[in-house]
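User: Could you walk me through how the helices pack in this model? I'd like to start with one pair and go on from there.

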Amino acid sequence: MGTWDIGHFDNDTAADFSGRLDDTPEGERETVIRTVLELALAEGFLDSDEAAEAVAAAALVASQCPGGEAVTTAYGPDKSLPVLAAELRPLAVKALDAVLGDDSELRELWEDNEEWTSGIARLRAVLVAAG
């Protein structure tokens, strides 16, 4: 995975996910986000690419929550998202829990970086608060 910083979209996989969202018709973008979050919850080892997409998807969900930060990076989606269903919030929390879990390659790669783990924790806190 080509990674250049700790942000939720600062890697090739998340940037490609953003491009895929931009290429998807607006009415289907929520389904793409839901699918990425659900993939992170599959049984077994969580690949770093799937985890990176889940983090990016969770950031998009959180961006629509009270207290959430807008996704302003050039590597995020260029096209607007529809208002996402509130039911994605707990799904995004579960996906982030999987990213931080024992069977996550991305966690293994970043666990010693407090700034990355703090960023995931802040994202999770926004989602939990918005419930």
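**Helix packing**

Analyst: The axes of α1 and α2 cross at roughly 150 degrees and come within 9 Å, where axes are lines fitted to C-alpha atoms, for helices over the stretch in contact, and angles run from 0 to 180 degrees between N-to-C directions. That makes α1 roughly antiparallel to α2, a term for angles over 145 degrees. This is a predicted model, in which local features need pLDDT of at least 70 and side-chain atom pairs count only at pLDDT 80 or more, while totals for chains, interfaces and linings use all residues. Residues are numbered from 1 along each chain as its sequence is written, and side-chain values use heavy atoms, with hydrogens and water left out.

User: Which residues make the contact of α1 with α2?

Analyst: Phe17, Arg20, Leu21 and Asp22 of α1 meet Arg29, Val32, Ile33 and Val36 of α2, contact meaning heavy atoms within 4.5 Å. These residues divide into 5 nonpolar, no polar and 3 charged, where Ala, Val, Leu, Ile, Met, Phe, Trp, Tyr, Cys and Pro count as nonpolar, Asp, Glu, Lys and Arg as charged, and the others, Gly among them, as polar.

User: And which residues of α2 are buried?

Analyst: In α2, which spans residues 29-39, Arg29, Glu30, Val32, Ile33, Val36 and Leu37 are buried, that is, under 20% relative accessible area with a 1.4 Å probe and protein chains only. They lie on the same side of α2, because they cover an arc of only 160 degrees around the axis, taken from the directions from the helix axis to the C-beta atoms. The buried residues of α2 pack against α1 (12-23), α3 (48-63) and α4.

User: Switching to α4, how does this helix pack with α6?

Analyst: Helix α4 (residues 88-99) and helix α6 (residues 114-130) pack at about 155 degrees, their axes 9 Å apart, so α4 is roughly antiparallel to α6. On the α4 side the contact involves Arg89, Ala92, Val93, Leu96, Asp97 and Val99, and on the α6 side Trp116, Ile120, Leu123, Arg124, Leu127, Val128 and Ala130. The residues of this contact divide into 10 nonpolar, no polar and 3 charged.

User: What about Ala129, buried or exposed?

Analyst: Ala129, which is found in α6, counts as exposed because its relative accessibility is 69%, the cut-off for exposed being over 50%. Ala129 and Pro66 are 8.3 Å apart in space, C-alpha to C-alpha, and 63 residues apart in sequence.

Methods:
Helices (H or I, at least four residues) and strands (E, at least two) are DSSP runs, numbered from the N terminus. Angles under 35 degrees count as roughly parallel, over 145 as roughly antiparallel, 65 to 115 as roughly perpendicular and the rest as oblique.
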